[in-house]
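Work through these exercises with the coordinates open.

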Amino acid sequence: MIDTINTKLGRKIKEFRRRKGITQEQLAELTKTSYKYIQRIEGKTPPDVRLSTIEKLAKALKVKPVELLDF
């Protein structure tokens, strides 16, 4: 299977989320998105993620947006 940008991004988000010790539900609350959306982002077939959402995720995970895109 070929890794897509969305798949790589999802893995990075999951990695940082786990390092911070927060659940998908907590990340959803912090970013004001739904738990299902976070599940989909970290899942096998993630959706396209807007830059504004990447900014929210980075802020919630206390990292720079570029760190989420560093793959």
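**Exercise 1.** Which residues does arginine 17 touch, not counting residues up to four places away in sequence? Then classify arginine 17 as buried or exposed.

*Solution.* The model is a predicted one.
- Step 1: locate the residue. Arginine 17 is found in helix H1, which covers residues 5-20.
- Step 2: list the contacts. With residues up to four places away left out, arginine 17 touches Ile22, Thr23, Gln24, Leu27, Glu42 and Leu61.
- Step 3: look for a polar partner. The side chains of arginine 17 and glutamate 42 are joined by a polar contact of 2.7 Å.
- Step 4: classify. The relative accessible area of arginine 17 is 8%. Buried means under 20%, so arginine 17 is buried.

**Exercise 2.** Find the buried residues of helix H4 and explain why they line one face of the helix.

*Solution.* 
- Step 1: pick them out. Helix H4 spans residues 51-61, and Thr53, Ile54, Leu57, Ala58, Ala60 and Leu61 are buried in it.
- Step 2: look down the axis of H4. The buried residues fall within an arc of 165°, so they line one face.
- Step 3: recall the helix geometry. An α-helix has 3.6 residues a turn, so residues three or four places apart point the same way.
- Step 4: turn to the other face. Leu51, Glu55 and Lys59 are exposed on the face of H4 turned away from its buried side.
- Step 5: name the packing partners. The buried residues of H4 pack against H1, helix H2 (24-31), helix H3 (35-42) and helix H5 (65-68).
- Step 6: check what follows. Lysine 62 comes after H4 and has a positive phi, near 60°.

**Exercise 3.** Take alanine 60: is it buried or exposed, and what does it touch beyond four places in sequence?

*Solution.* 
- Step 1: apply the cut-off. Alanine 60 has 17% relative accessibility, so it counts as buried.
- Step 2: read off the contacts. Alanine 60 touches Leu27, Leu30 and Thr31, with residues up to four places away not counted.
- Step 3: compare sequence with space. Alanine 60 and glutamine 26 are 34 residues apart in sequence, and their C-alpha atoms are 9.5 Å apart.

**Exercise 4.** Which residues make the nonpolar surface patch of about 300 Å²?

*Solution.* 
- Step 1: name the members. Ile5, Leu69 and Phe71 make the patch.
- Step 2: Isoleucine 5 lies in helix H1.
- Step 3: classify isoleucine 5. Its relative accessibility is 59%, so isoleucine 5 counts as exposed.

Note on methods: Residues are numbered from 1 along each chain as its sequence is written. This is a predicted model: local features need pLDDT of at least 70, side-chain atom pairs count only at pLDDT 80 or more; totals for chains, interfaces and linings use all residues. Side-chain values use heavy atoms; hydrogens and water are left out. Helices (H or I, at least four residues) and strands (E, at least two) are DSSP runs, numbered from the N terminus. Buried means under 20% relative accessible area, exposed over 50%, partly exposed in between (1.4 Å probe, protein chains only). A polar contact is a pair of N or O atoms within 3.5 Å; within protein, one must be able to donate a hydrogen and the other to accept it, and residues adjacent in sequence count only if both atoms are side-chain atoms. Contact means heavy atoms within 4.5 Å. The arc is that of the directions from the helix axis to the C-beta atoms. Patches are made of residues with over 30% relative accessible area and no salt bridge: like charges are joined within 9 Å, nonpolar side chains (Val, Leu, Ile, Met, Phe, Trp, Tyr) within 5 Å. Accessible areas come from the Shrake-Rupley method with a 1.4 Å probe; for residues, only the protein chains shown count as cover. A salt bridge is a side-chain nitrogen of Lys or Arg within 4 Å of a carboxyl oxygen of Asp or Glu.
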